[in-house]
Amino acid sequence: MKTLTTTEALAEFCKAAAQSPYVTIDTEFLRERTYYAKLCLVQLAIPATDGPEGEAVLVDPLAGDLSLDPLYELFRNRDVVKVFHAARQDLEIFFTEGKVFPEPLFDTQVAAMVCGFGEQVGYETLVRKIAKANLDKTSRFTDWSRRPLSEAQKTYALADVTHLRVIYEYLSADLDRTGRAKWLHEELGVLTDPETYIVRPSEAWKRVKTRTNSGKFLAVVRELARFREGYAQARNIPRNRVFKDDALLELASTRPQTIEELGRSRLLLREARRGDIADGIIAAVKTAQDMAPEDHPKLPRINAKLQVNPALADLLRVLLKAKSEEAGVAQKLIATSSDLDLIAAGERDVAALKGWRREVFGQDALRLCAGEIALAARGSSVEVVAL
């Protein structure tokens with residue numbers, strides 16, 4: 001098992017990888033105690049030439065003199081496909097640290113959904129079903145920042161890229177056979193969009209779940225979330241270490257003006273009742289309180305109360321199930337429950353009505369809404385009937 005600890009060794013491997021049609025990639029990281037993920041290990045493999053592990057390596061980014069620049073250069077090489085499973089968190093790390101995306105990209109989790117393996121299919125399932133192997137997951141919950149790594153850890157880490165070669169080749173061939181490669185390309189666009197990974201403190205309030213659409217209340221939520229996100233980013237600590245969402249909503253209701261009033265909070269951590277965090281909370285509340293009503297935030301329409309036709313929404317769910325089974329594609333990949341509610345409420349700017357989804361489901365969904373088709377049971381299946 002080869003572990004690369006120098007930039008020169010990584011550059012040598014990447015030079016060989018640049019001559020391969022693809023490279024499989026995975027990472028191990030820690031995030032429990034930081035805002036940004038701490039990259040602890042990178043696993044790389046290219047098509048094997050001398051055994052199942054002959055062209056697979058571990059890269060130790062914690063080694064003092066190692067730079068990932070050769071890997072980032074490989075990421076920019078569009079002649080080599082970069083293969084991940086469930087790539088989002090890996091890509092976030094590489095974008096944050098290297099400001100680069102691996103392109104062209106192939107995500108086997110998304111590809112498996114397109115190929116009919118179900119929703120959010122796990123790597124272990126694909127290894128069992130496609131590679132006909134079993135994984136030893138005993139090292140799954142381990143501290144990857146500690147050195148030296150054990151042989152068990154190294155074996156576990158390498159398995160995440162060696163079996164991935166077989167899975168990629170199988171899924172890639174299946175996509176070519178069915179003509180669905182363009183479907184995958186559409187799906188992966190969001191993963192290589194910088195906006196997917198940029199978290200702006202001014203927009204952090206949109207992730208806080210609230211049951212009210214009061215502008216005055218939402219103004220306090222926005223300012224508290226803005227402060228919390230900026231504070232967490234600046235100090236590289238998890239946002240929940242500043243204060244949790246339930247405490248944020250409590251503060252938005254009580255709107256403390258002084259340290260004494262802040263001290264009456266039931267949900268605020270003790271550390272947040274004094275010092276910089278306490279000052280930031282009070283300042284955020286004051287900013288929101290002084291805000292003109294026209295500057296209050298408004299919930300996105302998707303979060304506002306929709307005038308949903310419940311019967312139509314139920315019919316759309318039946319249609320989705322039928323179309324999903326017909327196409328052999330995971331339902332969740334075609335449309336979410338909120339997509340169906342939006343369509344039933346008359347919205348048309350919905351992902352389920354665009355691109356390949358329109359071909360598979362969207363066109364008939366619109367015809368159903370317009371009363372142009374009906375659904376009929378035929379044994380255990382559902383069929384579309386023109387009216």
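How far apart do the C-alpha centres of domain 1 and domain 2 lie? In this predicted model, in which local features need pLDDT of at least 70, side-chain atom pairs count only at pLDDT 80 or more, and totals for chains, interfaces and linings use all residues, the two centres lie 38 Å apart. Residues are numbered from 1 along each chain as its sequence is written, and side-chain values use heavy atoms, with hydrogens and water left out.

The domain assignment of the protein chain gives domain 1 (2–196), domain 2 (201–295) and domain 3 (310–386), with bounds that come from an automatic or database domain assignment. Where domain 1 meets domain 2, five residues of domain 1 and eight residues of domain 2 take part in the contact, meaning heavy atoms within 4.5 Å. The size of an interface is often given as the accessible area lost when the parts come together. Here the buried area (the accessible area, with a 1.4 Å probe, that two parts lose on being put together, summed over both) is about 540 Å², and carbon and sulfur atoms give 50% of that area. Across this interface of domain 1 and domain 2 the rule finds zero salt bridges, a salt bridge being a side-chain nitrogen of Lys or Arg within 4 Å of a carboxyl oxygen of Asp or Glu.

Helices (H or I, at least four residues) and strands (E, at least two) are DSSP runs, numbered from the N terminus.

The backbone also has some particular places. The peptide bond from Glu103 to Pro104 is cis, with omega near -5°, and Pro104 lies in the loop between helix H3 (88–98) and strand S6 (105–107). That loop between H3 and S6 also holds Lys99, which has a positive phi of about 55° although it is not a glycine. Another cis peptide bond joins Arg147 and Pro148, with omega about 5°, and Pro148 is placed in the loop between helix H5 (123–129) and helix H6 (151–178).

Side chains of opposite charge can pair when their charged atoms come close. By the salt-bridge rule the count comes to 26, and one of these joins Arg31 with Glu92, whose closest N and O atoms are 3.0 Å apart. The pair links distant parts of the chain, 61 residues apart, since Arg31 is in the loop between strand S2 (22–30) and strand S3 (38–45), whereas Glu92 is in helix H3.
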